[in-house]
Amino acid sequence: MTSSTTPGGLARFNALEEHAARTALHEVCASAAWVRELLARRPYATADDLLSRSDTATAALTPADLAEAMAGHPPIGRPAPGDPTSSREQRGMSDASRDLRAEMLELNLAYQERFGHVFLVCATGRTGEEMRDAARERIGNAPEREREIVRTELGMINRIRLARLLEEEPA
């Protein structure tokens, strides 16, 4: 497929030098294994091919790879300073009441103590209350069940971020 028939964002992504593509993918997902898998399959014929490879790579992450991916996500309600991606994704917490923010902090800490990692939820489009409710619901899960939920949430986040990467205009 030629670049003239490839959507612009995908053509730009496919044409990136390997280092630039690695950097862009690492901003999507902090797992080196995930990044390597997506880089190895370039160029992609369609955005759906890229998203499908992302799903496959996410499903194949080892527990250590999954932990590495989760380490790249700030706690809900505390987006990383200067990180427009986490701020945008956690927008539902921006107008949260002081009580809701305090409760989310407590839930984040309890969750991290129970599972050993950040509470990961696809926050895009969710209200602060919805994120809080998800944390309340999931904190009682068995670790094995929670790991699979985290994998599913990570897959959704990766898809949203990849789609945004393909939509962005070059800097």
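Start at S31. This serine is buried, with a relative accessible area of 0%. The model is predicted, by the way, so keep that in mind throughout.

Where does S31 sit? In the loop between α2 and α3. What does S31 touch, once we leave aside neighbours within four places in sequence? L61, D65, E68 and A69. There is also a C-alpha distance to note here. S31 and G72 are 41 residues apart along the chain, and their C-alpha atoms are separated by 8.2 Å.

Step on into α3. Which residues of α3 are buried? A33, W34, V35, L38 and L39. The buried residues of this helix pack against α2, α4, α5 and α9. On confidence, α3 has the highest mean pLDDT among the elements of the chain, at 98.

Now take α3 against α4. Their axes lie 9 Å apart, and the packing angle is about 145 degrees. The crossing of α3 past α4 is right-handed. Who makes the contact? From α3, it is W34, E37 and L38; from α4, it is L50, R53, S54, A57 and T58. By type, the residues of that contact split into four nonpolar, two polar and two charged.

Between those two helices there is a loop, and P43 is in it. Look at the peptide bond from R42 to P43. That bond is cis, with omega near 0 degrees. For background, most peptide bonds are trans.

R42 also turns up in the next stop, F13. Again leaving aside neighbours within four places in sequence, F13 is in contact with A21, L25, R42, Y44, L50, L165 and L166. L50 is on that list, and L50 is also one of the α4 residues that meet α3.

How many residues does the largest nonpolar core have? 43. Those with the most contacts inside it are F13, W34 and L162. Several helices give two or more residues to this core: α1 (8–15), α2 (18–28), α3 (32–40), α4 (47–59), α5 (63–71), α7 (98–115), α8 (128–138) and α9 (143–167). Which of them gives the largest share? α9, with six residues. As a general point, nonpolar side chains tend to be buried together in soluble globular proteins.

R78 is in the loop between α5 and α6. Why call R78 partly exposed? Because its relative accessibility is 40%, and that class runs between 20% and 50%. Beyond its neighbours within four places in sequence, R78 is in contact with Q90 and L105. The C-alpha atoms of R78 and S94, 16 residues apart along the chain, are separated by 9.6 Å.

The second one is D133, in helix α8. D133 is partly exposed too, because its relative accessible area is 35%.

The mean pLDDT of the protein chain is 91. Of its residues, 94% reach 70 or more. Which element has the lowest mean pLDDT? Helix α6, residues 84–89, at 82. Then there are residues 1–5. Over that stretch pLDDT stays under 50. The model has three contacts beyond four places in sequence for those residues.

To recap: S31 is buried, the bond from R42 to P43 is cis, and α3 and α4 pack at about 145 degrees.

Conventions. Residues are numbered from 1 along each chain as its sequence is written. This is a predicted model: local features need pLDDT of at least 70, side-chain atom pairs count only at pLDDT 80 or more; totals for chains, interfaces and linings use all residues. Side-chain values use heavy atoms; hydrogens and water are left out. A nonpolar core is a set of buried Ala, Val, Leu, Ile, Met, Phe, Trp, Tyr and Cys residues joined through side-chain atoms within 4.5 Å. Buried means under 20% relative accessible area, exposed over 50%, partly exposed in between (1.4 Å probe, protein chains only). Helices (H or I, at least four residues) and strands (E, at least two) are DSSP runs, numbered from the N terminus. Contact means heavy atoms within 4.5 Å. Axes are lines fitted to C-alpha atoms, for helices over the stretch in contact, and angles run from 0 to 180 degrees between N-to-C directions. A crossing is left-handed if the near helix is turned anticlockwise from the far one by less than a right angle, and right-handed if clockwise. Ala, Val, Leu, Ile, Met, Phe, Trp, Tyr, Cys and Pro count as nonpolar, Asp, Glu, Lys and Arg as charged, and the others, Gly among them, as polar. pLDDT is the predictor's confidence in each residue, from 0 to 100.
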